[in-house]
Amino acid sequence: FGENLVFKDVSISLSNNRVVALVGANGSGKSTLLKIITGEIEPDEGYVEMSGSTKISYFPQEIPVSEQDQTGKEYLLKKTNNPSGRQIFSLASIMDKLGFPQEKLEIKINKMSGGERGKLTILSVISSNADFFLLDEPTNNLDFVGLILSEKFIRSSSAGFLIVSHD
């Protein structure tokens with residue numbers, strides 16, 4: 001960024017059924033790499049090549065402020081591309097395990113605590129039907145139960161994952 005060289009000669013190949021962790025110090029460019037993969041940031045040189053049929057879901061560190069004026073339910077429906085909402089009802093047992101009552105889905109995200117936002121993000125990941133997930137610091141604001149459920153989902157999924165973390 002600016003005068004600072006963040007990446008040089010980076011090459012990565014990602015596929016389904018594969019979990020890749022990118023671990024590094026805060027500010028080392030991990031989130032930037034995810035944003036380059038999603039097209040949110042253009043690389044200064046080089047390119048990103050993806051299979052056209054691969055459905056990728058990106059989950060940033062925090063739910064963007066621009067999306068926090070909607071309810072949790074609206075966010076889940078949008079994030080999972082599920083306009084019917086049927087899948088939300090199938091998440092009831094997971095919500096119970098997380099200690100996230102269904103009534104919380106009716107609250108605007110900007111009124112939720114950091115932990116509730118983290119749980120909402122995990123619910124959206126679990127209910128997504130993506131082929132590949134880009135998870136940026138998915139452990140932020142999660143309690144132990146949330147961490148265990150996230151790990152179980154990742155281990156049992158046939159999707160691919162690129163997980164960015166500093167821990």
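What follows is a chat about cavities and ring pairs.

Mentor: Keep in mind that this is a predicted model, where local features need pLDDT of at least 70, side-chain atom pairs count only at pLDDT 80 or more, and totals for chains, interfaces and linings use all residues. Residues are numbered from 1 along each chain as its sequence is written, and side-chain values use heavy atoms, with hydrogens and water left out.

Trainee: Why are the rings of Phe133 and Phe153 called an edge-to-face pair?

Mentor: Rings of Phe, Tyr and Trp (its six-membered ring) pair if their centres lie within 6.5 Å; planes under 30 degrees apart are stacked, over 60 edge-to-face, and the rest tilted. For Phe133 and Phe153 the centres are 5.9 Å apart and the planes are at 85°, so the pair is edge-to-face.

Trainee: Where in the chain do Phe133 and Phe153 sit?

Mentor: Phe133 is in strand S3 and Phe153 is in helix H6, 20 residues apart, so to speak a link between distant parts of the chain. Helices (H or I, at least four residues) and strands (E, at least two) are DSSP runs, numbered from the N terminus.

Trainee: What makes Phe153 and Phe161 a pair?

Mentor: Their ring centres are 6.0 Å apart with the planes at 85°, so this pair is edge-to-face. Ring pairs also tie Phe59, Phe133, Phe153 and Phe161 into a cluster.

Trainee: Is Phe153 buried or exposed, and how do you know?

Mentor: Buried means under 20% relative accessible area, exposed over 50%, and partly exposed in between (1.4 Å probe, protein chains only). Phe153 has 17%, so it counts as buried. Phe161 has 0%, so Phe161 is buried.

Trainee: What sits over the ring of Phe59?

Mentor: The charged end of Lys79, 4.7 Å from the ring centre. The rule asks for NZ of Lys or CZ of Arg within 6 Å of the ring centre and within 35 degrees of the ring normal.

Trainee: How many cavities of 30 Å³ or more does the search find?

Mentor: Two, over the whole structure. On a 1 Å grid over the protein atoms alone, a cavity is a set of points where a 1.4 Å probe fits but cannot get out, and lining residues have an atom within 4 Å of a point. The largest has a volume of about 150 Å³, and H5 gives the most to its lining, with six residues.

Trainee: Which residues line the second largest cavity?

Mentor: Among them are Ile122, Leu135 and Phe153. That cavity holds about 40 Å³ of space.

Methods: 1 Å grid on protein atoms, 1.4 Å probe; cavity = no way out; pocket = protein on both sides within 12 Å on 5 of 7 lines; lining within 4 Å. Points joined across faces, edges and corners; volume = space filled by probe spheres on them.
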